Amino acid sequence: MLKDPAILQRKIIHIDMDAFYASVEQRDNPELRGKPIVVGGGPEGRGGVVATASYEARKFGIHSAMTSKRALELCPEVIFIRPRFDAYKEVSGRIREIFRRYTELIEPLSLDEAYLDVTNDKCNTGSAIKIAREIKAAISDELHLTASAGVSINKFVAKIASGMNKPDGLTFIAPQDVITFMEQLPVEKFFGVGKVTADKMKKLGLFTGVDIAKLDEAALVKHFGKAGRFYYRVVRGVDERNVEPNRETKSLAAEDTFPADLTHIWEMEAELEKITTTVCHRLEKHQLAGRTITLKIKYSDFRTITRNHSFRSPVSEKSIVLETARKLLAATSPEGKAIRLLGVSVSEFGMPGRKVAGQLELF
Ligand code: DCP
Ligand code: MG
């Protein structure tokens, strides 16, 4: 059953800063403006991965999560910059203050991204497009940075819209256009649909929203589980999720379903490394550290187990998370078992322990 029709026609804005870390660095160091820069990665591209790249660097094909080595191959003159999280946090706080001029219904997704519900805005502006324009202008005038905004009737469409005209974009998908918008949307652009699901959809002949809309809810649930229910609604322009201002992140996780089951420990370890890299980026992005590391394993018969380890003080370093995940995996005697999914999560957040002589100090 659908809820009150009002929930289907809200005024939702999704704001996402452009090339966030890189733009802050170019703002604060004028000599970096107009140049291809990468935030993250080691000096001269030794070790590490790209957290983000300036738009000048993106022209060379450099993007987030790419190794620094690859970035250097694509653009030998690229400049590597160490992240300054305090600076990014400060900007994040300032953009939130700008949002609060219009609404208290703000759901931050990370330092540089948030949903706003402006259905009943504080200033009685009435127009979500006008508010988005004003927010972008305030970010530009007061913080000397640019943001892109998506405006529509629900979170799903607003989020996709904000990415459509980056950088400095403002994209409005009108209520009467939402269904057509969803129908023509390629499945890989669906927010939250990973590569494995997108490939599965294509194998089923589902390439855009309109193909999904032809299936009934039961068929979608059969193929995609609980997510099928969501796809059924969202292609019809229905996303009832509220903007949740007090949603606290309780854990950060990443997992991967493999196109073919893994049976060798070296394959599993290689995948664990990739998954851990993603989790640790997310921790960095949210400036979090957690005490508990959980490993999830789904076998080819769909039996799922989890194993966890808790530290006395929160951790966030990739080397520690990976080492823990590896040990948890090894303790399940995985060699020869067919594994279809691996996942790693970090929870029980707190302030990261300070490192003293290689030891984690209690706080
Ligand atoms: N980030 C990271 N590792 C990733 C992705 C992102 O550390 N794999 C960090 C750096 C980004 C910030 O998070 O600046 C915001 O992430 P976005 O995905 O919004 O990317 P950008 O803001 O950099 O670029 P865009 O203009 O595409 O939004
Ligand atoms: Mg961004």
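A residue counts as buried when its relative accessible area is under 20%. The legends below describe close-up views of a predicted model.

View 1. Asp112 has a relative accessible area of 10%, so Asp112 is buried. Asp16 is also classed as buried, because its relative accessibility is 14%. Both aspartates coordinate the magnesium ion (ligand 2) through OD atoms.

View 2. Asp16 (OD), Met17 (O) and Asp112 (OD) coordinate the ion at 1.9 to 2.2 Å. The site is octahedral, with six donor atoms and angles of 79 to 177° among them. Along the sequence, the donor residues follow the spacing D-M-x94-D. Asp16 belongs to strand S1 (residues 12-17), while Asp112 sits in the loop between strand S5 (106-110) and strand S6 (113-117). The two are 96 residues apart, and the pair links distant parts of the chain.

**View 3. Polar contacts of ligand 1.** A polar side-chain atom of Tyr55 is 2.7 Å from an oxygen atom of ligand 1. For Lys166, the corresponding distance from a polar side-chain atom to a ligand oxygen is 3.0 Å. A side-chain N or O atom of Lys285 lies 3.4 Å from an oxygen atom of ligand 1. The protein buries 83% of the 550 Å² that ligand 1 exposes when taken alone.

**View 4. The shell around ligand 1.** Of 15 residues around the ligand, Ala19, Phe20, Thr52, Tyr55 and Arg58 come nearest. The shell holds six nonpolar, three polar and six charged residues. At least two shell residues come from each of S1, helix H1 (20-28), strand S3 (50-53), helix H2 (55-58) and helix H12 (265-286).

Notes: Residues numbered from 1 in each chain as written. Chains lettered and ligands numbered in written order. Predicted model: local features only at pLDDT ≥ 70, side-chain atom pairs only at ≥ 80, totals over all residues. Heavy atoms only, no water. Donors = N, O, S within 2.8 Å, 3.2 Å for Na, K, Ca; no water. Tetrahedral: all angles 85-135°; square planar, octahedral: opposite > 155°, others 65-115°. Helix = DSSP H or I, 4+ residues; strand = E, 2+ residues; numbered from the N terminus. Buried < 20%, exposed > 50% of the residue type's maximum accessible area, 1.4 Å probe, protein only. Near = heavy atom within 4 Å. Polar contact = N/O pair within 3.5 Å; in protein donor to acceptor, adjacent residues only side chain to side chain. Areas by Shrake-Rupley, 256 points an atom, 1.4 Å probe, with all protein chains shown as cover. Nonpolar A, V, L, I, M, F, W, Y, C, P; charged D, E, K, R; others polar.
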